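The following briefing sets out selected local features of one protein structure. Please read it alongside the sequence and the coordinates.

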Amino acid sequence: GVRVWISENMLDWTDGGVVVCDSCLRNAYAPEVFYHNGTFWLATSPGGQGHYLYAGEHPTGPFTRVGGSLGRTIDGSFFADDRGQLFFTHAEYPAIYGCTMSSRGELGESREVQGASMGHWTEGPGIFKRGDTFYLTMTGNHLLSRGYRVQYAVGDAGPLGPYRVPEQPVLLVNTDPATGSLGHSSTVIGPDLDSYWLFYHRFAIDAAGRHGSRSANM
């Protein structure tokens, strides 16, 4: 299943319990919830074996599964443009791939998003728009590497690119062995309705190379 944590100030968090429980959701990777036109969409990739899509009327559920496995590897993420068109992006070597999504949860044909590759396996996509500029965040290198990091690219043609990589593309990278590898971010608007916050996970790796547990950070 998938659990939810709830906060009104992003400082104090309470466990909201399991919002969707389904026999197929064993080891559910990277769940993401997105609101659009009265529906909260939830996507997750159990065991990295393709995505399942769920719909609900509230972020804490209940959620109902929409169809069977969608495939598309891992790390599904949603975006809606100014016209209300939904998009779905996901990880697929050698770059981020994306497609349109209907209001019923049907996905179009995926294609590579130009400018959304870190030169090796690239995952954890996320898109947001500020002004006329689209921002795409992505994570690369290997989860067990301290070089696991979050980068970004910018574009103005649309959510599926093309994007261009700025001179200094790294948003987040490990600098301390105690911190471990940092990656797979989600960007949200903060309580002031203007600032952007980056949520990500940390997988602690000490100086001897021993792996700790994952934790959520912002």
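Buried means under 20% relative accessible area, exposed means over 50%, and partly exposed lies in between (1.4 Å probe, protein chains only). By this scale Val188 is partly exposed, at 33% relative accessibility. The model is predicted: local features need pLDDT of at least 70, side-chain atom pairs count only at pLDDT 80 or more, and totals for chains, interfaces and linings use all residues. Residues are numbered from 1 along each chain as its sequence is written, and side-chain values use heavy atoms, with hydrogens and water left out.

**Nonpolar surface patch**

- Val188 is placed in strand β15 (residues 181-189); strands (E, at least two residues) and helices (H or I, at least four) are DSSP runs, numbered from the N terminus.
- Together with Trp5, Leu11, Trp13, Trp197 and Met218, Val188 forms a nonpolar patch on the surface, with about 630 Å² of accessible area in total.
- Patches are made of residues with over 30% relative accessible area and no salt bridge, where like charges are joined within 9 Å and nonpolar side chains (Val, Leu, Ile, Met, Phe, Trp, Tyr) within 5 Å.
- Accessible areas come from the Shrake-Rupley method with a 1.4 Å probe, and for residues only the protein chains shown count as cover.

**Buried threonines**

- Thr122 belongs to strand β11 (residues 122-130) and is buried, with a relative accessible area of 0%.
- A polar atom of the Thr122 side chain lies 3.0 Å from the backbone nitrogen of Met118, and a polar atom of that side chain lies 2.8 Å from the backbone oxygen of His120.
- A polar contact is a pair of N or O atoms within 3.5 Å; within protein, one must be able to donate a hydrogen and the other to accept it, and residues adjacent in sequence count only if both atoms are side-chain atoms.
- Leaving aside residues up to four places away in sequence, Thr122 touches Ala91, Glu92, Pro94, Ala95, Ile96, Ala116, Ser117, Met138 and Thr139, where contact means heavy atoms within 4.5 Å.
- Thr137, in strand β12, is buried at a relative accessible area of 2%.
- Among the residues that Thr137 touches, not counting those up to four places away in sequence, are Gly124, Val150, Tyr152, Leu171 and Thr187.

**Salt bridges**

- The structure holds six salt bridges, each a side-chain nitrogen of Lys or Arg within 4 Å of a carboxyl oxygen of Asp or Glu.
- Arg3 pairs with Asp15, the closest N and O atoms being 2.7 Å apart.
- This pair links distant parts of the chain, with Arg3 in strand β1 (residues 2-6) and Asp15 in strand β2 (residues 14-20), twelve residues apart.
- Asp15 is partly exposed, at a relative accessible area of 38%.
- Arg130 forms a salt bridge with Asp194, with 3.0 Å between the closest N and O atoms.
- Arg130 lies in strand β11 and Asp194 in the loop between β15 and β16 (196-205), so the pair ties together parts that are 64 residues apart in sequence.
- Both partners are partly exposed, Arg130 at 39% relative accessibility and Asp194 at 43%.
- Arg104 and Glu106 form a salt bridge with closest N and O atoms 2.9 Å apart; Arg104 is exposed, at 56%, and Glu106 is partly exposed, at 44%.

**Cysteines**

- The structure holds zero disulfides, a disulfide being a pair of cysteine sulfur atoms within 2.5 Å.
- The sulfur of Cys21 has its closest cysteine sulfur in Cys24, 9.8 Å away, which is too far for a bond.
- Cys21 is exposed, with a relative accessible area of 71%, whereas Cys24 is buried, at 18%.

**Backbone and loop features**

- Gly61 and Pro62 are joined by a cis peptide bond with omega of about 5°, and Pro62 lies in the loop between β5 (52-56) and β6 (63-65).
- A cis peptide bond also joins Tyr93 and Pro94, with omega of about 10°; Pro94 is in the loop between β8 (86-92) and β9 (95-101).
- Met10, although not a glycine, has a positive phi of about 65°; Met10 sits in the loop between β1 and β2 and is buried, at 11%.
- Leu193 is not a glycine either, yet has a positive phi of about 65°; Leu193 is located in the loop between β15 and β16 and is exposed, at 72%.
- Ser145, in the loop between β12 (133-140) and β13 (149-155), is partly exposed at 21%.
- Ser145 and Ile205 are 60 residues apart in sequence and 8.3 Å apart in space, C-alpha to C-alpha.
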